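Here is a short note for someone opening this structure for the first time. Please read the points with the model in view.

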Amino acid sequence: MASNAPALKRSDTIADSMPEALRQSRYHMKRCFAKYIEKGKRLMKLHHLMGELEQVIDDNTERTQLLDGLLGYILCTTQEAVVVPPYVAFAIRPSPGFWEYVKVNANDLSVEGITATDFLKYKEMNMDETWANDENALEIDFGAMDFSIPHLSLSSSIGNGASYTCKFLTSKMNNSSQSLVDYLLTLNHQGEKLMISESLDTVSKLQNALIVAEAALSSLPKDTPYQSFELRFKEWGFERGWGDNAQRVGETMHALSEIFQAPDPSNMETFFGKLPVIFNVVLFSVHGYFGQADVLGLPDTGGQVVYVLDQVVAFEEELLLRIKQQGLNVKPQILVVTRLIPDAKGNKCNQELEPVMNTKHSHILRVPFRTENGVLGPWVSRFDIYPYLEKFTQDATNKIIEIMEGKPDLIIGNYTDGNLVASLMASKLDTTLGTIAHALEKTKYEDSDIKWKELDPKYHFSCQFSADLIAMNTADFIITSTYQEIAGSKDRPGQYESHTAFTLPGLYRVVSGINVFDPKFNIASPGADQSVYFPHTEKQKRFAMFRPAIEELLYSKADNDEHIGYLEDRKKPIIFSMARFDIVKNITGLTEWYGKNKRLRSLANLVIVGGFFDPSKSNDREEAAEIKKMHMLIEKYQLKGQIRWIAAQTDRKRNGEIYRSIADTKGAFVQPALYEAFGLTVIEAMNCGLPTIATNQGGPAEIITDGFSGFHIDPNNGDESSNKIADFFQKCKEEPDYWNRISIQGLQRIYECYTWKIYANKVLNMGCIYSFWRQQYRAEKQAKGRYTQTFYNLQFKNLVKNLPIKKEEAEPKQKAKPQASLRRTQSTLQRLFGA
């Protein structure tokens, strides 16, 4: 639709160009705008605008001609419109991150540029006209605090925050490098100085010392241990932390010398990645049942638990490597802080401290929710969690400082609740903060901002959106899995971008919530646990103990509680999909595509993993409806003999072997979601060497290079998608090596971009870079902190007071309190576990 329409000149605004565009089609536009306003006040999406335009211009040729012009471009980049007769106000998004607002008078087609505030007021008039016209209505403007922080300027740069931060720092270093020297002087571990002593307190002193040190290093063998020349370097003012041998010390020193001589962004990034800044890390993941076994599938408990645990393992491995290479004898500590749930449903969520498997220095710390009546026993929904978070933060902070014997070097939040708690703690301790939203609820429910009063009794979105704003604006850096999570695509705004300007009528109006051009935004895509998800060709590593169970799971003809349906022809490859049963995951959509496509049915079987078989077992109405639909589709298309439906599986190792067993059949993994923020199952399948065909809506569009490392499908065009899947299997029949080629190219893509090692390296580099960056803009950071704190105290806390608090309490089993520290060299936590 208007895909070839001329774009605006760079100097033009929509308000400048739209009058001429309307004039060129004045007759049709007069009729069209009369149509738009005839129903009175209302909100209109793009499909409403286009649908009513088609009613007015019924001649196909004339309509196509109009849409191929500038007016078509403007209409097709409109995200929403608001009708308040005689005006129609448009929110236009020419490219990701860029927004313009105009209003058109339907009577004379005059055009006027308006502000975001004006547009939001028009929206409010549809819901609460009195409040919209109130001159004292509360407006939130976080952007007002960004008075001197540099921002990106191109849509294509969004998400590369750390790299651009280093470019901005390079510019500052060109004027003066003293701030870097001052920063290096602050580096220490438990009071022990690192990198440089007070004797090297100016740029010139440090530069001269580096010249002497580099000359001395040039005469030493590369593998000479640091201890061999430590005393000599100490006399020159150098402390430990530069490296563990002559080569690494020389590389770090040379990088710093280059920064002083001629700052370079790449060199800056390399240097900060070598600095001994991060030893102790705290991650918050508060809601749900956070455990290592017997929790997946419990309320509010799913992929986020797996993500955080894999994240911890990768962080510890990377920290241990860095600390060794820095020449330090320090043990890192990582704490995953979550809620202790006394009513733990038979898992370990009522245990205060639990070592993280596959690590030596990482633990889960569980802190209970407390009310004035004591410890809260039962699980609490993530939508109802807000009244407990402030007290939880206070208790967690005290416990963390006790265990770590000081404050952490880096705090990372996960999800709305974890991000809020992390923000409160980081503000109190003045610690570097990273946040990970995973999924922002605002974009999941259409018009959830304007209709907040309708949705608030169930979801408490007023609290959630407020908490998200607080966390976004407190964070030093924000981690996302994809570009689309930040700034969407050409046609669809990103999750963060949707928080740029929005309104909760009667509560507050956000005129600047977050700016996606802020250099705090970074893309760091997670991987999959490669001890679980590895290629099907690695026969010696495969989990042979699961083979009989998987054989039965896929091929037995019996119906039971774990599987229904059967596969008549075992020789056919398998189309495999695994997801929750909800509308967005679109598993029933895939089943219908398969049922309708005779060619596809002749080429492959279909295996689905997800949900229950009995809809009455589900407490989720949407899931129950999808289960009923699944049964209906199997009957409608007579799929018995070609489909196997397996109930949801939670054993990760067995799931890894299921992917590989599908690969053994020369099958494919299909992810058909209407929208997928990231696509962890896509990463898992590709790690196993299983060719993957996935939605082009969301993260998978970035993970897969279409036609090379897998394939994209349009979930809104089932016929086209099913034919593309069929084409893949047809080509595999015709070209014996084609399946292997796609499998190998998928693995190459994973190893290049989507491993936990790459992720951990990126995130820890961010922690180092932004710990310096926040010092450079301390005044702005403090100003925004005060603004955010005011918003928290005067707005968020009042909203929380209206939420119900559970009355059932239970005292948890008493755990032995950690004893006071006797030696700084041995942490409380290590003593507790005998490490």
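How much space lies in the second largest cavity? The model is predicted, and the points below start from that question.

1. **The second largest cavity.** About 60 Å³ of space lies there. Its lining consists of Leu275, Pro276, Val277, Ile278, Leu319, Arg322, Ile323, Gln326, Leu764 and Cys768. By class, that lining has eight nonpolar residues, one polar and one charged. H14 and H29 each supply at least two of the lining residues. H14 gives the most, with three.

2. **The largest cavity.** The whole structure holds five cavities of 30 Å³ or more. The largest has a volume of about 210 Å³. It is lined by 13 residues, and Ile149, Ala475, Lys520, Trp773 and Lys781 are the closest to its centre. H29 and helix H30 (778-800) are the elements that give two or more residues to this lining. H30 has the largest share, three residues. The lining of the largest cavity divides into four nonpolar residues, one polar and eight charged.

3. **The second largest pocket.** Its volume is about 860 Å³. Of its 29 lining residues, Asp310, Asn358, Asp529, Val532 and Arg652 lie nearest the centre. Helices H14 (303-325), H24 (652-664) and H29 (756-776) each give two or more residues to the lining. H14 gives the most here, with eight. The pocket lining has 13 nonpolar, seven polar and nine charged residues.

4. **The nonpolar cores.** The largest core has 144 residues, and Phe238 and Phe284 touch the most other members. H29 gives the most to this core, with eleven residues. Apart from it lies another core, of 69 residues, including Ile564, Ile658, Tyr738 and Ile750.

5. **Around Phe238.** Look beyond its neighbours within four places in sequence. Phe238 is then in contact with Met195, Ile196, Leu200, Leu206, Ala209, Leu210, Ala213, Tyr226, Phe233 and Met253.

6. **Strand E24.** Strand E23 (residues 605-609) pairs with E24 in the parallel sense, over four bridges. There, the bridge partner of Val609 is Ile646 in E24.

Terms used: Residues are numbered from 1 along each chain as its sequence is written. This is a predicted model: local features need pLDDT of at least 70, side-chain atom pairs count only at pLDDT 80 or more; totals for chains, interfaces and linings use all residues. Side-chain values use heavy atoms; hydrogens and water are left out. On a 1 Å grid over the protein atoms alone, a cavity is a set of points where a 1.4 Å probe fits but cannot get out, and a pocket is an open set with protein on both sides within 12 Å along at least five of seven lines; lining residues have an atom within 4 Å of a point. Grid points are joined across faces, edges and corners, and a volume is the space filled by probe spheres set on the points. Ala, Val, Leu, Ile, Met, Phe, Trp, Tyr, Cys and Pro count as nonpolar, Asp, Glu, Lys and Arg as charged, and the others, Gly among them, as polar. A nonpolar core is a set of buried Ala, Val, Leu, Ile, Met, Phe, Trp, Tyr and Cys residues joined through side-chain atoms within 4.5 Å. Buried means under 20% relative accessible area, exposed over 50%, partly exposed in between (1.4 Å probe, protein chains only). Contact means heavy atoms within 4.5 Å. Two strands pair if DSSP finds at least two bridges between them.
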